[in-house]
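Reader: I have a structure to look at for class and would like to talk it through with you. Could you take my questions one at a time?

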Amino acid sequence: MSKRSARATKRNGRSKSGSIDLPIKNSPESSRQSRAWTSSSSDAVWWIPVAFACAIGLVLRLWHFAAASQLPTSGQLLGDALGYFQWSQEIASGDWFGQETFYQAPLYPYFLAVVSVLFGPSVTVMQLVQCLLDVASVALLAVATRNWFGRRAGWLAAFGYAMYAPAIYYSLLIQKAGLATFLLALFLMLASRLHPQQSRSFQLTHSVGLGVVLGLLVLTRENALLWIPLIPIWLFIAMGRPLEVGDAKLEGRNSIAPNQRTSPRWPLTLAYVFGLALVLFPVAARNASLGGEWSPTTFQSGPNFYIGNSAEANGIYVALVPGHETPEYERSDAQQLAEEATGRELTPREVSRFWFGRAWSDIRKSPTRWIRLMALKTAMVVNQYEVPDVESYSLHRAVSPPLRWLGAVWHFGILFPLAIFGFATTAWKPRSTGLLLVLALSMIAAVAMFFILGRYRFPLVPLLLPVAANGVWNLGWMVRHREFHRWAVITVGLLAIGIANFPLHQEQSLNANALANAGAAAGKSGDFDVSIEWLEKSIALEPESPVPHYNLAGAYLMTDKVDAAIEQLMIAKSLDPNLVEVDRTLGSLLERQGKTDRALYHYREALRVNPTDQSSIEAIHRLTEQP
């Protein structure tokens, strides 16, 4: 081939056979970036931008922390956050073993308990410790990305995570997302350091570390169980492949001769299993000693599967009993309803199996409905909207300048398309792109199989960010070299943008619920005027939701506005006739006013919904007894 033909081929990005080479294979700069193994000790200069990214991340998180302090929820924990804090204080007070099998993932409350023992039971201190862990995640993701995709991609990943608005938000919530992200970043860093050309002791040590960290991650996020069988497969594929010429730069005392092409993989797998067992076996033994059943994690998967897949499921969380959306009810409601249906006492595993059975029964009755639901939930997982739980990302954005400014341009609706573009333009390597793709796909499936919350899908961010950072460099290469004829790659990126940013969620209703939670938090802290203000905002946005009306009635009662409270309770009753608390409260208020007949009606309505409601039973006996 002539020099002119060679130049034309290089310019057009086509091989002799006419196929299109990917940018990462086609440019000298990309070739340098693909050197996936660089010893950190040999290049201290590389750490300067990473340290700067960590500093920026710390400043942004502290800025958000100060700005969000004006929200009522910052001073009053609700929902899972309150449950985790209370659990941690029970542990810190000496109950480290516990009295019953784990229903929720246990590692996070134990982590909070350790923080409480070391620094005192302060929510602020817990948030600051999580903030520091998240800043450490910036560095860990930078190292993992550098080892897989090169130095500059590592810098991009560091700054990308440091300034990622949802990461700033989740890092300061009393939720397990803060700990899970750090463990996942540590896991990815360890995986990025495993290489066939490393010494045997180095490989075995890191394999044990992978098992230990993944075990800890399972005890923080139960859906990480799906990854347990995937890692041995990855070890067999990635550690059994010879090093390609130019694929890596080996340095340091852990390296061995390049002519050793593969590593024995069974010892690495056994080391990985040993690391897992170190963490999960004691938990399984503990559960067995308390509940008679072996389980390495928790027993809540059945109820959660039913919530996400029943005939009434809509993709987000809905309590088994309306009005019981808090941890104090979740376990007892699941067990009580299951035992009422079966007519006998059930073990925790049997309760979980009962709810799995009910869900599968609904699925078998209408498989087409379930397939549509799964398609919707899968799209919801990769959508830019952060589905709120008790706390709301949208509400925090309204008061936090870092979230408001950064969140406008850097969110999941941007990250996901960049990651898709990265996967489409990055050379396939099992050790990097292969591992990240499999872990990301399995996490999407794990989240979609249950129900969607923003913090549940957040583990996708550390998985997608390394390849998204590489995708940015590939995109820059295409722009510099005017490679706009690659319509297939461009089309993939545009489709991903559309999927990630299409409006799927009932955002108005979800945002109204967040306002109601803020009002409830203000009420619990005793600031009833502020509570009324937030609850009225919620009702104005979503007047058909009964719970804000019920909570507003409670705030009115605390400010001696009894008639206004009764009015709100009647509205809540008309919106949902099956809220026991509404009828019980109405009965009590009407009884005080001497309206016996109306009070009896509402007490009986409460018993209709819950025949075991002892308070209503006693009230009926009191009002119907003969003088």
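Reader: To start with charges, which residues are linked in a network of salt bridges?
Author: K573, D583, E605 and R608 are linked in that way, where a salt bridge is a side-chain nitrogen of Lys or Arg within 4 Å of a carboxyl oxygen of Asp or Glu. Please keep in mind that this is a predicted model, in which local features need pLDDT of at least 70 and side-chain atom pairs count only at pLDDT 80 or more, while totals for chains, interfaces and linings use all residues. Residues are numbered from 1 along each chain as its sequence is written, and side-chain values use heavy atoms, with hydrogens and water left out.

Reader: How many salt bridges does the structure hold?
Author: The structure holds 12 salt bridges. One of them is formed by D80 and R455, whose closest N and O atoms are 2.7 Å apart. This pair links distant parts of the chain, since D80 is in helix α6 (residues 79–92) and R455 is in helix α23 (residues 454–457), 375 residues apart; helices here are DSSP runs of H or I with at least four residues, strands are runs of E with at least two, and both are numbered from the N terminus.

Reader: And are D80 and R455 buried or exposed?
Author: Both D80 and R455 are buried, a word that stands for under 20% relative accessible area, with exposed meaning over 50% and partly exposed in between (1.4 Å probe, protein chains only).

Reader: What does E386 pair with?
Author: The side chain of E386 meets that of R457 in a salt bridge, at 3.0 Å from N to O. E386 lies in the loop between α18 (367–381) and α19 (393–399) whereas R457 is in helix α23, so the pair ties together parts that are 71 residues apart in sequence. E386 and R457 are both buried.

Reader: OK, changing topic: how many helices and strands are there?
Author: The chain has 32 helices and 0 strands.

Reader: Take helix α22, then: what should it span, and how far apart are its ends?
Author: Helix α22 (residues 430–448) has 19 residues, which at 1.5 Å a residue should span 27 Å, and its end C-alpha atoms are 25 Å apart, which agrees. The expected span is 1.5 Å times one less than the number of residues.

Reader: Why is α22 called largely enclosed?
Author: It is called that because 15 of the 19 residues of α22 are buried.

Reader: What about the inside, which residues touch the most other members of the largest nonpolar core?
Author: Those are L188 and L214, in a core of 131 residues; a nonpolar core is a set of buried Ala, Val, Leu, Ile, Met, Phe, Trp, Tyr and Cys residues joined through side-chain atoms within 4.5 Å. Another core lies apart from it and has 22 residues, among them Y556, L579, A599 and Y603.

Reader: And which residues is L214 in contact with?
Author: Leaving aside neighbours within four places in sequence, L214 is in contact (heavy atoms within 4.5 Å) with F187, A224, W227, I228, I231, Y272 and L276.

Reader: How much of the chain is buried overall?
Author: Buried residues make up 53% of the 627 residues in the chain.
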